[in-house]
Amino acid sequence: GTANQTYTDSGGNEPDGDITINKSAGTVTLASNADWNATNQNLFISAGTLDQGASYTISTGNLTVRAGATLQSIGTGGLTLAGNVTNDGLINLNGSGTACGEVDAISVTSSVSGTQRTWSGSGGYTLYDLTVQDQGGTITTFSSTNVSGNLAISSGATFTKGGTLTLDGTTQNVSDANSTTQDLGDVATSGTTAVTMTNNLKVTS
């Protein structure tokens, strides 16, 4: 339909099948966390907008955003992924609010530490003030970003530098599968981080 809608989990048993957002207009806004992470359960945003509200997290398997559709989180609502991301629409994640350069308030993580999730597709991304763990694919940062797991730039993907990239895990590997050199921009590490960089990477301001 075209009317705005709200999704609320009041503690009951959430659906175990695939979740599809398919609105010709309007927005579905979360009013609670969305635990759409049963075995083989995936999230499809086929049309319209899924808004995570001010603070609610989505946990799911594969995430697909189709052309013309939008996933939006402006605040602190994160993503926990048990599968990969295919984006042909728009993913807009802005930690702490609409400005950039604020606290890295949104976490994008894998459901299994050390298991990388791949991001692909022809869609657009607006990513501000995030903490990212175990994700790989085409990445554009518009503000400082923290990575606590490995950072892998897959074949055909690019890293577009924005603010400072902070590597704050314990032992991290930063790798690139492309022949063209990737410019990571300003990179900082925590005092205990051991970082290995491989392939075509450079660090510049």
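The model is predicted: local features need pLDDT of at least 70, side-chain atom pairs count only at pLDDT 80 or more, and totals for chains, interfaces and linings use all residues. Residues are numbered from 1 along each chain as its sequence is written, and side-chain values use heavy atoms, with hydrogens and water left out.

Start with the whole chain. The protein chain has 25 strands and zero helices. Both are DSSP runs numbered from the N terminus: helices are H or I with at least four residues, strands are E with at least two. Of the 205 residues in the protein chain, 43% are buried. Buried means under 20% relative accessible area, exposed means over 50%, and partly exposed lies in between (1.4 Å probe, protein chains only). The protein chain exposes about 8,900 Å², and carbon and sulfur atoms supply 46% of that area. Accessible areas come from the Shrake-Rupley method with a 1.4 Å probe; for residues, only the protein chains shown count as cover. Now take the contacts, meaning heavy atoms within 4.5 Å. Among contacts in the protein chain with a separation of 6 or more, 34% join residues 24 or more positions apart.

Next, look at strand S11, residues 106–110. Four of its five residues are buried, so S11 is largely enclosed by the rest of the structure. S11 pairs with strand S8 (residues 79–81) in the parallel sense, over three bridges. Two strands pair if DSSP finds at least two bridges between them. In this pairing, Leu81 stands opposite Ser110 of S11. S11 also pairs with strand S14 (residues 130–132), in the parallel sense and over three bridges. Here Ser107 stands opposite Thr131 of S14. In a regular strand the side chains alternate between the two faces of the sheet.

Turn to the aromatic rings. The structure holds two aromatic pairs. Rings of Phe, Tyr and Trp (its six-membered ring) pair if their centres lie within 6.5 Å; planes under 30 degrees apart count as stacked, over 60 as edge-to-face and the rest as tilted. The rings of Tyr7 and Trp36 have centres 5.1 Å apart and planes at 70 degrees, so this pair is edge-to-face. The pair links distant parts of the chain: Tyr7 sits in strand S1 (residues 5–7) and Trp36 in strand S3, 29 residues apart. Trp36 is buried, at 2% relative accessibility. The rings of Trp119 and Tyr125 have centres 5.8 Å apart and planes at 45 degrees, so this pair is tilted. Trp119 is buried, with a relative accessible area of 10%. Tyr125 is buried too, at 14% relative accessibility.

Ala31 is in the loop between strand S2 (19–30) and strand S3 (34–36). Its relative accessibility is 31%, so Ala31 counts as partly exposed. Leaving aside residues up to four places away in sequence, Ala31 touches Thr6, Tyr7, Thr8 and Tyr56. Ala31 and Tyr56 are 25 residues apart in sequence, yet 7.2 Å apart in space, C-alpha to C-alpha.

Gln52 lies in the loop between strand S4 (43–51) and strand S5 (58–60). Gln52 counts as buried, at 0% relative accessibility. A polar atom of the Gln52 side chain lies 2.9 Å from the backbone oxygen of Tyr56. Beyond residues up to four places away in sequence, Gln52 touches residues including Leu30, Ile58, Leu71, Leu79 and Leu93.

Terms used. Polar contact = N/O pair within 3.5 Å; in protein donor to acceptor, adjacent residues only side chain to side chain.
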